[in-house]
Amino acid sequence: MTGYREAVVDLGAVYANVAHLRQVAGTPHLMAVVKANAYGHGAVPVARTALAAGADWLGVADVDEALELRAAGIDAPVLAWLHDPDADFTVAITRSITLGLSSARQLRQVAEAAAALGRVADVHLKLETGLNRNGVNEPDWAETFALAAQLEQAGRLTVTGIFSHLSNASPVDDAEAIERFERGVALAADTGLAPSLIHLASTAAALRVPAARFSMVRVGIGIYGLSPFADQTSRDLGLTPAMTLRGRVAAVRRVAAGAGVSYDYLWRAPVDGYLALVPLGYADGVPRQASGTAWVDISGHSHPLVGRIAMDQFVVSVGQERVTVGDEVVLFGNPETGVPSATDWADAAGTINYEIVTRIGRRVTRSYRNAVDGAAGGTRPGGGVRPGGGSR
Ligand SMILES: *Cc1c(COP(=O)(O)O)cnc(C)c1O
């Protein structure tokens, strides 16, 4: 039965998306990016599914996110690339988390923690190639690589990877970044570093920019079945959206023409008709900006949201249709089944599908379908159906 507020995650779709992206990218390695609770889908079940589907690396922003994976018993390689300025890397090194580092300062911090532990830290160096977020600036490459080589020789760390990130601004901008990245990789080799993992592409470049693939791609949005492009849908890319956000009609009422709805009476009923109350609001990640523009599916019929989306609820105009308390409401899911997509909501709210799924809040129960054995935590929801064999 549909939950009150529920995000159903089809792990069979995640599995198929990872397998498809692996095949399209054709790289020796594929990193499944599961930061931010796997873009709202649940880090541990998604990570397990992605690994089962052939991903051999996991990527997160913070060390804490990597530790969550380790605590769940996931021992696959994990890269964490964004760090507190005062980070203590001791636990990360102890738990064999690979550290993406963007400065000489971080290299020294890691070396110090490794020395205290008597262990060798595993490190990927991040190069600045155009985004201007983190990454070592080109003028500092020589000095930073020399320091890394020196720390390698001292037995503190090993540089096993070099990476950067693209802005996806334009083909020309990407080509420029790739060129800069290649200069960095060559200089690292000249300095005596021998990283085997060279990675630059996220989903967009993994799909469209073969020159950016190198030895590994880092795919996030694609494994969730969403398109990073405005001009191609999930289906165009051979991907299946994994998350369905749904709930149940909490109340139905009949209103007369002229009745106002929700805060500020942004909408007034043009004619007599029925309204359905849906118990999801902006606290649950339903974007308030989509007030009056988004639509939902109730029992196979499309209905528009009317009035302001509130913190906990919104109202749908169902006209003369017979909607009943308890009926299933689908906010978004796989558009091939006739429901809106996360991208439709993004368009309605003036944002991107990444933000729609990632912001689904804590009150929304996650449930899992079509799990590979153990991927959803051993409970095998959905009957433990094998990927590809799902019937839901
Ligand atoms: C989030 C992120 C990714 C994944 O990007 P997608 O567009 O979701 O595939 C890859 N690399 C880095 C550094 C990231 O921060």
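**Close-up 1. M311 is partly exposed in this predicted model**. Its relative accessibility is 44%, and because partly exposed residues fall between the under 20% of buried ones and the over 50% of exposed ones, M311 belongs in that middle class. You will find M311 in the loop between strand 16 (301-306) and strand 17 (314-319). Leaving aside residues up to four places away in sequence, M311 touches G281, Y282, A283, D284 and R363.

Close-up 2. Is R133 buried or exposed? With a relative accessible area of 61%, R133 is exposed. Its contacts include E128 and H165, not counting residues up to four places away in sequence.

**Close-up 3. Helix 7 has a buried set of residues**. The helix has 13 residues and reaches 18 Å from first C-alpha to last, close to the 18 Å expected at 1.5 Å a residue. Its buried residues are W141, T144, F145, L147, A148, A149 and L151. Which elements do these buried residues pack against? They pack against helix 6 (104-117), strand 6, strand 7 (157-163) and helix 8 (171-190). Just after helix 7, look for G155, which takes a positive phi of about 80°.

Methods. Residues numbered from 1 in each chain as written. Predicted model: local features only at pLDDT ≥ 70, side-chain atom pairs only at ≥ 80, totals over all residues. Heavy atoms only, no water. Buried < 20%, exposed > 50% of the residue type's maximum accessible area, 1.4 Å probe, protein only. Contact = heavy atoms within 4.5 Å. Helix = DSSP H or I, 4+ residues; strand = E, 2+ residues; numbered from the N terminus. Expected span 1.5 Å × (residues − 1).
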